[in-house]
Structures are given as C-alpha cells and as structure tokens.
Amino acid sequence: MAAVLHERRRRQRRDRLERLVTVTSPIALLAVWELVAALQLVDVRFFPRPSLVTTQLIGMAASGELWEHMSVTLLRILVGFTIGAAAGVAVGLVMGGSRWVRAILNPMMASIYPIPKIAIFPLILLVFGLGETSKYVTVAIAVFFLVLFPTITGVMGIPRIYIDAAENLGARGFQFYRRIALPGALPSIFTGLRVGLGVALIIIVGVEFVGATSGIGYLIWNSWQLFNINRMFAGLLVLAALGHLSSLFLEEVQKRMVPWRL
C-alpha cells in the first residue's frame, strides 16, 4: 500500500511539473523575444517588442474590439469543429467496423481528402452564400477528414479477441459501436481531434482573410493593409493563445477519458 501511495504522489508531482512547464514555456519565449528586440537584434519595425504588442492588446480589449473579433472566430471554430468532428467520428466508426462500407466509401474519401479545403471555399461560397454557413462548412469539411481516418485506424486496430468476445456476448449493431468500437478507437480519435482543432484555426483564419468583415483573421489582414504592425502581432498572439489553450483543453479531456494510454 505504501508503495502504491508513493507512486501515486510521484505521478501527481510529475503531472503538476508538466503543467507548469507547459504554461510557462510560452512566457519564456516572449521574454526572450523582448530581450532580443530591446537589444535591437531584429528590426523592430517588423518584429515589435512584446511589451508594445501587449499594450496594443490591452487597448483593444478595453475598447471591446478584441472581444468582438475573438468571439466571432471562436463561434465559427466551435460550430464548424463540432459538426466536422461528430461526422468524422460517426462515419469513421462505421467504416472501421464494416469492410463493405469501407470498400464503398474509401475511394471517394481518399480522392477528396488531398484537395486543400481552403481551395474549395469559392465553391462553398457559391453554394452557401457569403454568410456564416459557408465558414462553418469550410471548417467542418477540413476537420471531418482529419478525424475520419484516425477513427478508422483506431477501430481497425482493436484486437480481434475483444471483437470476438463482444460478438459472443451478443453485442450487435449500435451496441458494438458504443461499447467496443468507440472506446477502443478513443486514443486515435483524440489524435485526430487535436490535429483537427489546430487545422480548424488555420482554416478559419484563411477564410476570414478573404470572406469576412470580422474575426481574428480579418483583424490580422486589415492590420497588414494599414501597416499597423503592433495590431497585427496582437492578432497573431491571440491566435497562438487560442491554439495553446485548445490543445491544453483537449489534453485534459483525453487524460480523463483515456487514462490508460497516458
């Protein structure tokens, strides 16, 4: 018992240290950037000091401009990511569990996947118009494929003995997918979710460059057009923070849902 408690405390200390390093590493990077800029080792016209960018961020937050753009972008990511991830998991489970469905759908999926999703944005605009729906659909399509293939791989990687045992116990149809396929594929699914969330952020910024009048992507593009470098870097730092925090969030969820793989 003492050995078990000691090991548990050791793991808790390791987890706390890991979280501390994860949180402080971006701060250390900003400190190095500030020092390099202060020493004039880079052209501060193009790489301003983080302190100046922070001042810009505070001003934008005080005026409400930052929250307006951030809320718009977050909503677009949330809706598009949720739709794409849910569809990717559902279709991936079915394709992974049925060789016939896989044989029918795999050629089509493999053909569409390599097409850059931002490249079909003009087509999506033609179909769904200039509103928010086109942005949701673009993000959802990109996330769908990044979650689909890891889900298929996860289901197909489940040891056959578990599948045979489930079938012998009468697990069929929905029960098989809920009790065997989904839990067995969760590690692979989370890998797809983490990659998909990062790509969703990239896609929505690209979409907002050309097809929006609000959002972080629009903020960055508009700042570049006005050569307001501090404002542009403020938008870039917000994107970096969103990406970092979203990765931490999914990591915490994964630790709770798939503790045996960490």
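Is Glu251 buried or exposed? At 18% relative accessibility, Glu251 counts as buried, where buried denotes under 20% relative accessible area, exposed over 50% and partly exposed the range in between (1.4 Å probe, protein chains only). The model is predicted, so that local features need pLDDT of at least 70 and side-chain atom pairs count only at pLDDT 80 or more, while totals for chains, interfaces and linings use all residues. Residues are numbered from 1 along each chain as its sequence is written, and side-chain values use heavy atoms, with hydrogens and water left out.

The structure holds six salt bridges, a salt bridge being a side-chain nitrogen of Lys or Arg within 4 Å of a carboxyl oxygen of Asp or Glu. Glu251 forms one of them with Arg194, and the closest N and O atoms are 3.8 Å apart. This pair links distant parts of the chain, 57 residues apart: Arg194 belongs to helix α8 and Glu251 to helix α10 (residues 229–257). Helices are DSSP runs (H or I, at least four residues), as strands are (E, at least two), numbered from the N terminus. In contrast to the buried Glu251, Arg194 is partly exposed, with a relative accessible area of 34%.

A salt bridge also joins Arg49 to Glu34, with 2.8 Å between the closest N and O atoms. Because Arg49 lies in the loop between α1 (2–38) and α2 (50–63) and Glu34 in helix α1, the pair ties together parts that are 15 residues apart in sequence. Arg49 is partly exposed at 34% relative accessibility, whereas Glu34 is buried at 18%.

Arg256 is exposed, its relative accessible area being 62%, and Glu252 is partly exposed at 24%. Elsewhere, salt bridges that share partners join Arg76, Glu132 and Glu208 into one network.

Two members of that network, Arg76 and Glu208, are also among the residues touched by Ser214. Ser214 is located in the loop between α8 (174–211) and α9 (216–225). Its contacts, with residues up to four places away in sequence not counted, are His69, Val72, Arg76 and Glu208; contact means heavy atoms within 4.5 Å. With 14% relative accessibility, Ser214 counts as buried.

In α9, the buried residues include Ile216, Gly217, Leu219, Ile220, Asn222 and Ser223. Their cover includes α2, α3 (65–97), α8 and α10. Just after α9, Phe227 adopts a positive phi of about 55 degrees.

Helices α2 and α10 pack against each other at an angle of about 80 degrees, with their axes 9 Å apart. Axes are lines fitted to C-alpha atoms, for helices over the stretch in contact, and angles run from 0 to 180 degrees between N-to-C directions. The two helices are therefore roughly perpendicular, on a scale where angles under 35 degrees count as roughly parallel, over 145 as roughly antiparallel, 65 to 115 as roughly perpendicular and the rest as oblique. From α2, Leu52, Val53, Gln56, Leu57 and Met60 meet Asn230, Arg231, Phe233, Ala234, Leu237 and Val238 of α10. By class, this contact has eight nonpolar, two polar and one charged residues, with Ala, Val, Leu, Ile, Met, Phe, Trp, Tyr, Cys and Pro taken as nonpolar, Asp, Glu, Lys and Arg as charged, and the others, Gly among them, as polar.
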